[in-house]
Amino acid sequence: MASGERARYWQYAELPGVDLLHAHYIRKAFARHTHETFVFAAITEGVEAFHYRDDLVHAGPGQIALVNPDTPHTGHAGVPEGWTYRTIYPDAEIVRSIAADTLALRGSVGFTSPVVDDPYAARLVVGVHRAAEEGNALAADSLLRLVTARMLRSHGGIVNPLPPRSAGARNAARARALLEDRMVGPPTLERLAADLGTSPFALLRAFRDVYGMPPHTWLTDARVRRARQLLDAGTPPAEAAAVVGFTDQSHLNRHFTRSVGVPPGAYQRARGSAGPVARTYKTGPPELP
């Protein structure tokens, strides 16, 4: 990480299904990527800018960046001094259960706005972190449910993705399945298109329209996501890199850090730590606010 940047990515054992990130970034730039979880990022200092689908949006203090699962987005500093945030990543099933319990919403739920100006909700996200840091399981769980229900009421609802109907969308879905099966030795775009009976540029356009990124970017993101699953299961980073198709561990390190915010080794140590305090990956000045 660049000098002055700090990041701590961890889990609190008493809050299963939720990852936590507390970070200060200045020159850090997240590549276009997705999460299997939801993202609630409360900005405490500075401004984060990020591409969300086709828009460039900004989030500052008192605001929350909301990202639905499998939604492509980026992230970088919106001001020279960078940004500090506390982020919670609740599993989709947790959000669905809260939606059913509090709003009688059943099915696929999601959020309609990528940035919400709600200082009280931002304080709730910070409160989840602080409760977890203090080992206060009751408060951490309660605050998580309160902020999720609040966001669902104000900016949430049922999200039913339409099945692919056009030939291009169907080819994009088939291409994605082929890339998932051949993650280690993927075909060229030309070969992939030929196997699907279409042209390379038609497939490129269709894939980007459906998944928000071209096939090669999607494949890198998919490799990082699968590497995370392997790291969670205890696979050493070098072995995980080979299994998902990266050339070596440094290749995994580069792309993992650009998507997750910390290197795979630090991520794995934090995910495997017991108790309310996990290890921290850091460089630069003392504590974050």
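Lys28 is buried (under 20% relative accessible area, with a 1.4 Å probe and protein chains only), yet Lys28 has no salt bridge, meaning a side-chain nitrogen of Lys or Arg within 4 Å of a carboxyl oxygen of Asp or Glu. The nearest side chain of opposite charge, Glu5, is 7.1 Å away. This is a predicted model, in which local features need pLDDT of at least 70 and side-chain atom pairs count only at pLDDT 80 or more, while totals for chains, interfaces and linings use all residues. Residues are numbered from 1 along each chain as its sequence is written, and side-chain values use heavy atoms, with hydrogens and water left out.

Lys28 sits in the loop between E2 and strand E3 (29-33). Apart from neighbours within four places in sequence, the residues in contact with Lys28 (heavy atoms within 4.5 Å) include Glu5, His76, Trp83 and Arg258.

The elements below each supply at least two lining residues.

| Element | Residues |
|---|---|
| Strand E1 | 6-11 |
| Strand E2 | 18-25 |
| Helix H7 | 215-232 |
| Helix H10 | 264-271 |

H7 gives the most to this lining, with four residues. Helix H10 is mostly covered, as six of its eight residues are buried, among them Tyr267 and Arg271.

Methods
Buried < 20%, exposed > 50% of the residue type's maximum accessible area, 1.4 Å probe, protein only. Lys, Arg positive; Asp, Glu negative; His and termini not counted.
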